[in-house]
Amino acid sequence: MAEEDSSQEKTEEATPRRQEKAREEGQVPRSRDLTTTAVLLMGSIALLIFGGNIAERMLFVMRFNFSLEPEVIFDKNMMFRQLGESFYEALFSLVPFLSIVVFAALVGPVMLGGWLFSTKALAPKMDRMSLIKGVGRMFSAKSLVELVKSVGKVAVVIFSAFFLLQSMRGAILGLTSEPIERAIAHSLHLSIWAAILLSAATLIIAAIDIPFQIYDHSKKLKMSRQDIRDEMKDTEGKPEVKGKMRQMQQEMARSRMMSAVPEADVVITNPTHYSIALKYNPEFMTTPIVLAKGVDQVAMKIRELANKHKIEFVEAPLLARAIYNTTDLDEEIPAGLYLAVAQVLAYVFQLREYRKGRGERPSKPRKLNIPDDMQHY
């Protein structure tokens, strides 16, 4: 029992099929901290680049709306037009900034796990709606890890903010001695750089979270040995299905083999159990090849087809068994059988000439030289 239980432990790395299936279900490593860092950092940099233009346009909108003529105030149509122009101006000023933020929000998740869209991930899961399982998740080891991570994030941000304020203390205190307009511009500049540096501090959090998410994802996908055996069984098929497929493949191969018999030059028999159909064309072949071979019922079928197409039979038991056991279909005969097969083919070709009225009737080869290591009884 102990051995059986230990075999069920998920100690094996996920197979490629398991990883592919998990990806189809939307299970890939994701780091929310990486996405948050990307959005904060890119957003802060976008503010640094486009902040001046945004401030100018917003100032224009404020002046545009606070300096109204009396006839505009009491005209509803003019007020709607005023509102539309203000909205368009504000939106147009924010488009570059929002575009960069949206881009960061889309690219952030893709940086870990790649691009993935899965409808299965959107499907509702009933186990997520279970109150008991929900409470269990609240007090699980993963929740504890997330709590530790959250505390760590807060600590990193607090320490970063503390050291940042210490380094900017002189510039902040110097704002009090500057003219109001310059102080406002300077304070905005300091705020944007502070946001960039604090956002950069979250890279520390992301650098810790990314390996953890990869490890956690790999751990979830781990399989037991039984899982791997079951997957192999599903992939390769059940034994009875594999047997049926093997039988069908053999029947198809046999059918193709039988269709090649009419092209043979000679059929060598033993004479009852074996049949070997050979073909040799000196113009295109260097060595005779085996078109068909078989024993018992298959051998009888080969002879039946050969007889129907008037293909010559040569009885040579040792040669038939030697070719059957040493050569596969569509393969050239081995070098050790060259001489014996050459004697058979010479007899067949001379017999063809004799039947055309040319030459004398040849005699069948009686003694064929078969190497000892190729003889099968």
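Modeller: Residues are numbered from 1 along each chain as its sequence is written, and side-chain values use heavy atoms, with hydrogens and water left out.

Biologist: Fine. What pLDDT does the protein average?

Modeller: pLDDT is the predictor's confidence in each residue, from 0 to 100. Of the residues, 86% score at least 70. The protein's average is 80.

Biologist: And which element has the lowest mean pLDDT?

Modeller: Elements here are DSSP runs numbered from the N terminus: helices are H or I, at least four residues, and strands are E, at least two. Over residues 1-7 pLDDT stays under 50, and the model has three contacts (heavy atoms within 4.5 Å) for them beyond four places in sequence. Where pLDDT is low, the predicted coordinates should not be read in detail. Strand 2 (residues 274-279) has the highest mean, 91, while the lowest, 43, belongs to helix 1 (residues 2-7).

Biologist: On to the aromatics. Why does the pair Tyr 88 and Phe 92 count as stacked?

Modeller: Rings of Phe, Tyr and Trp (its six-membered ring) pair if their centres lie within 6.5 Å; planes under 30 degrees apart are stacked, over 60 edge-to-face and the rest tilted. A search of the whole structure turns up four aromatic pairs. For Tyr 88 and Phe 92, the centres are 6.0 Å apart, and the pair is stacked because the planes are at 20°.

Biologist: How far apart are Tyr 88 and Phe 92 in helix 5?

Modeller: Tyr 88 is exposed, at 55% relative accessible area, and Phe 92 is partly exposed, at 44%; the cut-offs are under 20% for buried, over 50% for exposed and partly exposed in between (1.4 Å probe, protein chains only). Both lie in helix 5 (residues 76-110), where being four residues apart means a separation of about one helical turn.

Biologist: Now strand 4. Is Glu 312 buried or exposed?

Modeller: Glu 312 is found in strand 4 (residues 312-315). That strand has a covered face, Glu 312 and Val 314, and an uncovered one, Phe 313 and Glu 315. In a regular strand the side chains alternate between the two faces of the sheet. With a relative accessibility of 18%, Glu 312 counts as buried.

Biologist: Which side chain makes a polar contact with the side chain of Glu 312?

Modeller: Not counting residues up to four places away in sequence, Glu 312 touches several residues, including Asp 265, Tyr 347 and Leu 351. A polar contact is a pair of N or O atoms within 3.5 Å; within protein, one must be able to donate a hydrogen and the other to accept it, and residues adjacent in sequence count only if both atoms are side-chain atoms. At 2.9 Å, the partner of Glu 312 is Arg 355.

Biologist: One last thing: which residues is His 217 in contact with, leaving aside neighbours within four places in sequence?

Modeller: His 217 has its place in helix 9 (residues 180-221). The His 217 residue is buried, with 17% relative accessible area. Its contacts are Gln 27, Val 28 and Pro 29.
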